[in-house]
Amino acid sequence: MDFALSARAEDVCGRMWDFMREQVFPAEPVYDAWRAERGHDDHGHPPVLEDLKKEARSRGLWNLFHHELAGLTNLEYASVAEISGWSPTIAPEAINCGAPDTGNMETLMLFGTPEQKQRWLDPLLEGEIRSGFAMTEPDVASSDARNIQTSIVRDGDEYVINGRKWWTTGAADERCQIFIVMGKTDPDGPPHRQQSMVLVPRDTPGLEIVRHLPVFGYQDQHGHSELRFTDVRVPVTNVLAGEGDGFMIAQARLGPGRIHHCMRAIGMAERALMLMVERSKQRVAFGRPLADQGTVRDAIARSRIEIDQARLYVLKTADLIDRFGAKGARTEISAIKVAAPQVALDVIDRAIQVHGGAGVSNDTVLARFYASARTLRIVDGPDAVHIRGVAKEELARERPWVG
Ligand SMILES: Cc1cc2nc3c(=O)[nH]c(=O)nc-3n(C[C@H](O)[C@H](O)[C@H](O)COP(=O)(O)OP(=O)(O)OC[C@H]3O[C@@H](n4cnc5c(N)ncnc54)[C@H](O)[C@@H]3O)c2cc1C
């Protein structure tokens, strides 16, 4: 096992760090000021992001998430994604590697027709538009995708879609021009063949964007939205793969996406640890810097140990995906999807504590990081669902010896 970065990963990571230091971190206050001035309920697109996108492209930091596009393996991309996690609100989008676009682009690459690719994938790869993925519904437990109720009924050359979705990330931003919508085309079919996915352009009559849900009071610039579909009609050529393939596509789509979240979570944890260390060196309480207090040292050391453990697990999982595909790595993907967000949350929580009141204010990134990391225990399958998968595998495991 070689723990060193490959020469290619070292090169991209080096350029990514330069980009972060020279462009992304200085852009953070500009981005925040622009949003604050307009009010956080405004979902306009801060212009500084377009500047960053141009700069990232000129540095060869673009569409790095996919082997066919940038030549990086999942293992190599893991280290780049971790760096982008240091500034999770803007860095992933700046390099066109933000969720849910990456998952949607991968879905179109795998299952899109040449026409679908030309219409939607090409502008997504160029960063000209954004996209949404509408699976979760307010009325049913959507962690079990078989529960999805939205109906997709064929009527001649068209599908008619009726239903409600929520937590469709990205929908508040008007650049989000296309939704991949999951619904049922065959409600009486076998449980895993009832669902299909269709492409629904934003401006389709009958598609209403009802509201944008905050996360712990924070309004994301791209928004997490509730959508209502009332007799929405799209041509049957908008189906992805074929009727009944929705469940299969959902599985294929979520594998790599889950691990990208984990890589970025580790980057968030690293930044929180950096802040914890710096604060503890500067702040003096009871006659000594916080860094000299045993409990603070304990928080720092535990954070380093847990981050390094989680990183190794993410890298192992990324390597398994490279060698055996997302299906072959599904247990590890589930395991790391539980472990990495929890490590990030624990480290951010300790960093908040070391900052005292400042930690829960908006004067540091920590409160926002905490809110974001907390959602990772729910998005792309809640912990309980992944734990179920890991337990099933463990119970079935053959052992070299049973005493
Ligand atoms: C910030 C954010 C962004 C999101 N973005 C998107 C998006 O872009 N597109 C999209 O379609 N969805 C998105 N989601 C939705 C997310 O994927 C769902 O919330 C998630 O899959 C859980 O579904 P649910 O909310 O219906 O919870 P439910 O299915 O109702 O589950 C609720 C809880 O029940 C428990 N539970 C469930 N199953 C089991 C079990 N087998 N054993 C024990 N306990 C169990 C778990 O504790 C779980 O958290 C997003 C959510 C958030 C918070």
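Where is His-45 found? Hold that for a moment; some ground rules come before it.

This is a predicted model, with local features taken at pLDDT of at least 70, side-chain atom pairs only at pLDDT 80 or more, and totals for chains, interfaces and linings from all residues. Numbering runs from 1 along each chain as its sequence is written, and side-chain values use heavy atoms, with hydrogens and water left out.

Now the answer. His-45 sits in the loop between α1 (7-38) and α2 (47-58). Helices here are DSSP runs of H or I, at least four residues, and strands are runs of E, at least two, numbered from the N terminus.

His-45 counts as buried because its relative accessibility is 18%, and the cut-offs are under 20% for buried, over 50% for exposed, partly exposed in between, with a 1.4 Å probe and protein chains only. Its side chain makes two contacts to report.

Next, the annotations. An unreviewed UniProt entry places "domain: Acyl-CoA dehydrogenase/oxidase N-terminal" at residues 41-128. That stretch is 61% helix and 0% strand, with its end C-alpha atoms 23 Å apart. UniProt, again in an unreviewed entry, gives "domain: Acyl-CoA oxidase/dehydrogenase middle" for residues 132-232. Here the chain is 0% helix and 50% strand, and the end C-alpha atoms are 16 Å apart. Such annotations may be inferred rather than shown by experiment.

On to the ligand. How many residues surround it? The count is 19, and the closest are Phe-133, Thr-136, Ser-143, Trp-167 and Thr-169. To be counted, a residue needs a heavy atom within 4 Å.

By class, the shell has 11 nonpolar, 6 polar and 2 charged residues. β1 (130-134), β3 (158-169) and α13 (383-396) each supply at least two of the shell residues. The largest share, 3 residues, comes from α13.

An N or O atom in the Thr-136 side chain is 2.6 Å from a ligand nitrogen. A polar side-chain atom of Thr-169 lies 2.8 Å from a ligand nitrogen. From Ser-142, a backbone N or O atom lies 2.9 Å from a ligand oxygen.

Technical notes:
Polar contact = N/O pair within 3.5 Å; in protein donor to acceptor, adjacent residues only side chain to side chain. Nonpolar A, V, L, I, M, F, W, Y, C, P; charged D, E, K, R; others polar.
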